[in-house]
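Hi,

Here is the structure we talked about. Please open it first, then read my notes below.

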Amino acid sequence: MVLSLLFLGCERDNVQLTNDECYKHEALELFLKDYIPREDSFRDRIVNGVIAKNESNGMIYDLANRYGQPLWGIERTATEKSINTLLVPITHPNSDSITAVMMFTQPANSDSITYRILDNNHRDTLVTDFLLYCQTVIYGRGFNPNRTIKPIADTKDSKLTITGCWDVYTGSLTTLTYSYTFCTYRVVELPTLNDDDNGGSSGTLPGSGGTGSDGGGSSGGNSGGPNTSSLDATAKNNLINARISLESGPCLSKTIMNSTWNSNLTIGVNSSLGSMGSHSPGVIEFRSATSISDITLLHELFHEYQNKVNGILPVTQLSEFEAWLFVDLYLWDINDESLTWTRGLNPYSGTVLDYKDWIDDIYENGFTDSNMANYTKWFNKFMEVKDSAYGDYPVGNNSNPGAIINVLNVCNY
Amino acid sequence: MKRYFLNINKFLLRILGIILLTIIFQGICYSQDSKEFQVKGKKGVLNCTESKSKNRTIYSNANNKKNLSEDYKTDDPELELSFLGFYISTYDSFLNAFRKTFSESRIEELAKHKEKIQIGFSLNQGGEHLGMGFVLNYGTNITPDEILTLEENLLKMVSFIPLQKFEYKLLTSYSIRTDFDEIRRGDITRLKKMEANQRERAKLFVIE
């Protein structure tokens with residue numbers, strides 16, 4: 001009830017206003033109090049957009065009443081990945097605490113500006129941490145009283161866990177030895193840029209042309225990433241975690257992610273699939289949510305990568321072998337000895353041991369004349385194991401693992 | 001002139017003979033590079049395959065079930081890709097199985113000999129032991145009885161916990177490689193990393 005406390009009288013230019021009109025008018029003044037036009041064109045467009053939107057829904061009154069006065073003078077703008085962002089803190093007048101931050105974003109080649117109000121009651125710890133950061137930068141101290149942590153209802157469908165791990169080495173500088181792996185976790189809310197559940201705290205502004213519709217905004221809020229609109233919450237969770245694993249993994253998986261993730265893929269679940277995963281150009285399907293992991297995703301994305309390197313060609317036994325081999329190199333890179341297609345073989349047989357030696361050789365030296373000489377031998381072994389699955393596929397003409405070689409070159413392996 | 005020609009011919013024949021014998025000898029050596037035999041210990045019989053050129057000796061219990069793959073056939077070509085694998089009950093349990101099998105001085109001795117060991121476990125999707133094998137240096141100092149005792153202790157002390165309840169029948173495996181210097185120091189780097197990865201994976205994916 002900021003406004004009712006602040007503005008007791010309400011007479012403007014000898015015109016008596018109703019209480020309602022008066023509050024709206026004062027709210028607009030408060031909203032613009034710190035705003036100096038023509039300093040920043042993006043900011044001008046935002047302010048004009050908000051005022052236009054205010055005509056229809058009175059958002060400025062709500063904003064001022066709930067949060068107070070925007071501090072336009074200490075806004076922050078940023079442009080990343082062609083997305084313009086403007087952050088404006090809001091404070092109660094005569095207070096030394098910020099109450100919220102307004103975030104405006106405008107993707108490249110779009111007139112639509114999305115806004116969100118980030119406040120301290122947000123469930124996402126990233127948001128509240130960000131507010132604490134703004135508060136400290138602006139006022140030189142944290143919130144008073146300090147932020148408290150409250151248990152929240154289970155929101156598993158919209159949470160994800162971000163993990164960061166470090167290998168800890170101990171000893172003297174010259175003889176450091178690996179000691180243990182230390183990991184930290186952050187549980188954050190999934191981004192829902194256009195959510196409507198916060199009572200007017202988010203939405204879109206009219207475009208500069210003034211005729212934009214309120215219904216704009218990309219579904220799923222995942223611009224550039226795969227279309228995953230058909231996935232349920234479990235599948236989305238697993239897909240996001242698989243993506244994080246691969247993006248935070250070694251160069252091998254990062255390279256595949258960088259090359260394929262933002263190429264208009266569609267990822268879905270199809271329970272009638274005959275295998276755990278399948279790929280056709282631009283489309284990846286999994287049999288169920290639980291069959292989505294870093295390994296399965298990497299295998300299917302590698303097929304997409306093969307198409308990028310070789311052009312779209314029919315699937316062959318050789319292209320399958322290359323995809324399985326690539327996943328084995330990835331596993332070897334992350335110290336996982338459970339290589340893929342040999343898992344069902346006797347793990348202490350000469351075949352499995354020799355295969356691991358071969359993988360290690362490629363991992364250490366890249367493809368050389370000597371290990372390439374055994375490529376056909378291992379392809380034949382692979383087909384002995386996978387004959388029932390891939391026996392009907394054409395063998396293929398290209399026994400050169402061009403896609404893997406590409407990745408190894410990128411990664412300087 | 002003719003005599004001279006014949007002499008050259010004899011000389012050539014001798015060289016060809018030597019080359020031929022060398023090739024045959026090498027062929028024999030190569031075919032004998034990998035040798036299979038059985039060794040008996042107090043607690044059982046081990047199958048053994050050794051290869052000098054690959055510097056390895058593979059031991060496995062003669063009682064291990066053969067042709068396991070027959071029981072685990074699947075039509076799904078990518079079934080194993082969606083299996084997230086295992087982590088072992090505790091990292092220490094693996095070390096303790098070694099410490100129960102080998103005395104401290106014996107571990108020191110084997111570390112001095114630069115003995116390496118790789119253990120392969122055949123498991124099903126639930127983590128049930130189906131077989132175990134040991135890969136050691138060629139000409140290893142480790143005795144068959146020590147291997148059989150280690151196998152016994154590993155079976156008792158180490159269990160494998162699958163990351164997910166996998167609803168399909170699957171034959172799979174878990175491998176650990178180390179050397180006796182790491183065992184002496186109680187620090188098996190690769191195993192630690194592998195276990196850390198698996199525990200991460202268990203937290204990341206919804207697997208019910």
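This is a predicted model: local features need pLDDT of at least 70, side-chain atom pairs count only at pLDDT 80 or more; totals for chains, interfaces and linings use all residues.

Which residues make the contact? Helix 9 of chain A brings Gln317(A), Leu318(A), Glu320(A), Phe321(A), Glu322(A), Trp324(A) and Leu325(A). Helix 12 of chain A answers with Tyr375(A), Trp378(A), Phe379(A), Phe382(A) and Met383(A). Sorted by class, this contact has nine nonpolar residues, one polar residue and two charged residues.

Now look at helix 6 of chain A and helix 7 of chain A. They pack at an angle of about 120°, with axes 7 Å apart. These two helices are therefore oblique to each other. Helix 7 of chain A spans residues 251–260.

On the helix 6 side of chain A you will find Arg243(A), Leu246(A) and Glu247(A). They meet Ser253(A), Lys254(A) and Met257(A) of helix 7 of chain A. The class count here is two nonpolar, one polar and three charged residues.

**Where the chains meet**

Next, the interface. In chain A, 54 residues are in contact with 49 residues of chain B. About 4400 Å² is buried between the two chains. Carbon and sulfur atoms give 50% of that area.

Polar contacts cross the interface too: 18 residue pairs, both partners at pLDDT 80 or more. Several elements of chain A give two or more residues to the side that touches chain B, among them strand 8 (159–170), strand 9 (177–189) and helix 10 (350–365). Which element gives the most? Helix 6 of chain A does, with six residues. By class, the side of chain A that touches chain B has 19 nonpolar, 24 polar and 11 charged residues.

**Salt bridges**

Side chains of opposite charge can pair when their charged atoms come close.

Glu337(A) forms a salt bridge with Arg190(B), and the closest N and O atoms are 2.8 Å apart. Glu337(A) sits in the loop between helix 9 and helix 10 of chain A. Arg190(B) belongs to helix 6 (residues 189–204) of chain B. The other pair is Asp336(A) with Arg201(B). Their closest N and O atoms are 3.7 Å apart.

Best wishes

Notes: Residues are numbered from 1 along each chain as its sequence is written. Chains are lettered from A and ligands numbered from 1 in the order in which they are written. Side-chain values use heavy atoms; hydrogens and water are left out. Contact means heavy atoms within 4.5 Å. Buried area is the accessible area (1.4 Å probe) that two parts lose on being put together, summed over both. A salt bridge is a side-chain nitrogen of Lys or Arg within 4 Å of a carboxyl oxygen of Asp or Glu. A polar contact is a pair of N or O atoms within 3.5 Å; within protein, one must be able to donate a hydrogen and the other to accept it, and residues adjacent in sequence count only if both atoms are side-chain atoms. Helices (H or I, at least four residues) and strands (E, at least two) are DSSP runs, numbered from the N terminus. Ala, Val, Leu, Ile, Met, Phe, Trp, Tyr, Cys and Pro count as nonpolar, Asp, Glu, Lys and Arg as charged, and the others, Gly among them, as polar. Axes are lines fitted to C-alpha atoms, for helices over the stretch in contact, and angles run from 0 to 180 degrees between N-to-C directions. Angles under 35 degrees count as roughly parallel, over 145 as roughly antiparallel, 65 to 115 as roughly perpendicular and the rest as oblique.
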